[in-house]
Amino acid sequence: MRYAAYRLGDKAMKILEERILRDGVVKPGGILKVDSFLNHQIDPQLCYEMAQEIHRLFEGERITKILTIEASGISVAVMTGLVFGVPAVFAKKAAGRNTSSEVYSSPVYSYTKQVTKDVIVAKEYLSAGDRVLIVDDFLAMGSALEGLCDIVAQAGAEAVGAAVVIEKAFQPGGDRLRAGGLRVEALARVRSMSDESLEFVKE
């Protein structure tokens with residue numbers, strides 16, 4: 001099924017909600033699995049349309065970099081960079097032999113894997129003049145976004161906001177980040193979910 005016909009705004013986000021209801025799987029422990037279209041198998045058309053919606057939300061913010069964390073946020077971040085016409089940078093969870101020795105680093109706790117890892121961004125890819133939009137697939141406890149905000153601050157850059165595909169609004173991450181002054185926009189906000197049902201926040 002192709003999604004070329006749907007447009008931005010409320011209609012597009014309704015399509016995203018319908019896709020989550022149709023293809024998402026709720027796993028024990030409050031995990032929503034969307035592997036079939038977002039973070040294992042990727043629907044490029046859907047990612048592109050979501051990137052256009054993110055652009056609509058943050059248009060005029062003079063964004064110079066898109067920042068995400070590997071690996072699940074990369075597809076949406078790259079599409080968002082394409083729409084904004086700016087580079088997309090992703091924080092790595094492990095340093096390789098070809099990784100720069102000059103890096104920004106921040107600890108990030110993974111809710112799904114229940115481990116804490118330092119994520120890194122080479123200093124050459126973020127600078128004090130950058131206006132950074134953080135993009136990720138999920139927002140639950142907020143650790144990933146907090147870590148990315150920390151990296152932006154280390155660079156002396158400005159985090160103009162964060163855009164996430166799915167926010168678990170029943171978990172505290174979004175509220176805490178907003179209370180701390182970060183603009184957070186979610187394309188779909190899940191109010192509650194169980195083995196039997198999944199409900200979205202109605203604005």
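Helix H3 is largely enclosed by the rest of the structure, because 11 of its 15 residues are buried. Buried means under 20% relative accessible area, exposed means over 50%, and partly exposed lies in between, with a 1.4 Å probe and protein chains only. Helices (H or I, at least four residues) and strands (E, at least two) are DSSP runs numbered from the N terminus. The model is predicted: local features need pLDDT of at least 70 and side-chain atom pairs count only at pLDDT 80 or more, while totals for chains, interfaces and linings use all residues. Residues are numbered from 1 along each chain as its sequence is written, and side-chain values use heavy atoms, with hydrogens and water left out.

**Helix H3 and its ends**

H3 covers residues 44-58 and reaches 21 Å from its first C-alpha to its last, close to the 21 Å expected at 1.5 Å a residue. The expected span is 1.5 Å times one less than the number of residues in the helix. Among the buried residues of H3 are Leu46, Cys47, Met50, Ile54, Leu57 and Phe58; Glu49, Gln52 and Glu53 are also on the buried list.

After H3 comes Gly60, whose phi is positive, near 90 degrees. Arg62 is in the loop between H3 and E3. Its phi is near 55 degrees, a positive value in a residue other than glycine. Most residues other than glycine have a negative phi, and most peptide bonds are trans. Arg62 counts as exposed because its relative accessibility is 60%.

The peptide bond from Glu70 to Ala71 is cis, with omega near 0 degrees. Ala71 is placed in the loop between strand E3 (65-69) and helix H4 (74-84). Ser75 lies in H4. Leaving out residues up to four places away in sequence, Ser75 touches Leu38, Ile42 and Cys47, where contact means heavy atoms within 4.5 Å. Cys47 is one of the buried residues of H3. From Ser75 to Gly147 the C-alpha separation is 19 Å, and the two are 72 residues apart in sequence.

**Accessibility of single residues**

| Residue | Relative accessible area | Class |
|---|---|---|
| Glu17 | 12% | buried |
| Ser75 | 14% | buried |
| Pro172 | 38% | partly exposed |
| Arg62 | 60% | exposed |

Glu17 lies in helix H1 (residues 10-23). Apart from its neighbours within four places in sequence, Glu17 is in contact with Ala188, Phe200 and Lys202.

Two strands pair if DSSP finds at least two bridges between them. E9 (residues 184-193) and E10 (residues 198-200) run antiparallel and are joined by 3 bridges. These two strands form a hairpin with 4 residues between them. E9 also pairs with E8, in the parallel sense, over 6 bridges. Within that pairing, Val164 has Ala186 of E9 as its bridge partner.

Pro172 is in the loop between strand E8 (158-168) and helix H6 (173-179). Not counting residues up to four places away in sequence, Pro172 touches Ala140 and Met141. Pro172 and Glu196 are 24 residues apart along the chain, and their C-alpha atoms are separated by 23 Å.
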